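Subject: Structure for your review

Dear colleague,

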Amino acid sequence: VYKGVTYTHEEQIITATVDSELVNGVETVRVTTKGEPATFANTYDAADGTATIQVQKSVANRPWNDGETFGFTLKPVDGAPMPDDATELTATAPAEDEAVGFQTITYTKDDLDGAMSKTFEYTVTEVLPEGVSADSPAKDGLTYATDSQTVTVTVTDNGNGTITATPSGVAAFTNIYDATDGTATIQVQKS
């Protein structure tokens with residue numbers, strides 16, 4: 001195997017008849033073969049490629065609280081490859097602005113459906129806490145990112161026995177903190 005090509009090492013026998021004829025002092029040689037022509041078929045394959053889609057979380061207007069984590073879900077669009085036939089993957093962001101990866105996805109030559117390159121699409125969403133929805137995105141002063149992010153992975157057979165898989169970028173989500181107005185009662189006593 002060299003650069004993805006497996007060469008045929010078989011031998012084929014060709015039967016040939018050689019005759020010659022002298023015409024005007026010039027000898028002409030003819031070679032005639034019988035049967036089917038010799039055919040050699042080499043095969044090509046490419047090693048699998050992998051990609052890890054990443055997500056990043058930030059909180060605006062307040063620092064990241066110790067022990068605070070946010071969860072995310074990655075789902076394939078239109079049958080995009082997933083590891084172990086999973087229908088979704090999860091990841092947890094343990095620190096602010098730190099990119100964290102979902103499980104690695106493997107791409108094969110078969111995923112390309114005969115093409116040299118193909119782009120796969122995935123949707124990333126934040127896992128919302130109980131009581132939070134797109135219609136009611138705030139809880140405890142924190143407005144959660146209820147939108148979804150699309151990440152694509154371009155998979156390319158490089159023609160040399162390798163496949164590369166390149167994500168379009170990091171899915172970034174920002175939650176916004178807004179403290180509600182507080183009230184205070186001041187008591188005064190005169191003596």
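The notes that follow go from the whole chain to individual residues.

Please bear in mind that this is a predicted model.

Overall form

The chain contains 16 strands and 0 helices. Its radius of gyration is 33 Å, whereas a compact globule of 191 residues would have one near 16 Å. The C-alpha trace spans about 145 × 30 × 25 Å along the principal axes of the chain. Of the contacts between residues at least 6 apart in sequence, 66% join residues at least 24 apart.

Surface and charge

Buried residues account for 25% of the 191 residues. The accessible surface of the chain amounts to about 12,700 Å², and carbon and sulfur atoms contribute 47% of that surface. As for charge, there are 29 negative and 10 positive side chains. The centres of these two sets are 3 Å apart.

A buried threonine and the aromatic residues

Thr73 belongs to strand β7, which covers residues 70–77. Is Thr73 buried or exposed? Its relative accessibility is 9%, so Thr73 counts as buried, the cut-off for that class being under 20%. Beyond its neighbours within four places in sequence, Thr73 is in contact with Glu88, Leu89, Thr90, Phe102, Thr123, Val124, Thr125 and Val127.

The search for aromatic pairs across the whole structure returned 4 of them. Trp64 and Phe70 are both buried. Together with Tyr144, these two residues form one aromatic cluster.

Two aspartates with positive phi

Most residues other than glycine have a negative phi. Asp78 has a positive phi of about 50 degrees; Asp78 is located in the loop between β7 and β8, the latter being residues 89–93. With a relative accessible area of 81%, Asp78 is exposed.

Asp113 likewise has a positive phi, near 50 degrees. Asp113 sits in the loop between β10 (105–107) and β11 (117–126). Its relative accessibility is 60%, and Asp113 therefore counts as exposed.

Towards the end of the numbering

Val170 is placed in the loop between β15 (163–167) and β16. At a relative accessibility of 39%, Val170 is partly exposed. Which residues does Val170 touch, not counting those up to four places away in sequence? They are Gln54, Val55, Gln56 and Ala99. Between Val170 and Leu142, which are 28 residues apart in sequence, the C-alpha to C-alpha distance is 22 Å.

Thr180 is in the segment after β16, the strand formed by residues 171–177. Thr180 is exposed, its relative accessible area being 70%.

Yours sincerely

Methods: Residues numbered from 1 in each chain as written. Predicted model: local features only at pLDDT ≥ 70, side-chain atom pairs only at ≥ 80, totals over all residues. Heavy atoms only, no water. Helix = DSSP H or I, 4+ residues; strand = E, 2+ residues; numbered from the N terminus. Rg over C-alpha atoms; globule rule 2.2 N^0.38 Å. Buried < 20%, exposed > 50% of the residue type's maximum accessible area, 1.4 Å probe, protein only. Contact = heavy atoms within 4.5 Å. Areas by Shrake-Rupley, 256 points an atom, 1.4 Å probe, with all protein chains shown as cover. Lys, Arg positive; Asp, Glu negative; His and termini not counted. Charge placed at Lys NZ, Arg CZ, Asp CG, Glu CD. Phe/Tyr/Trp six-rings, centres within 6.5 Å; stacked < 30°, edge-to-face > 60°.
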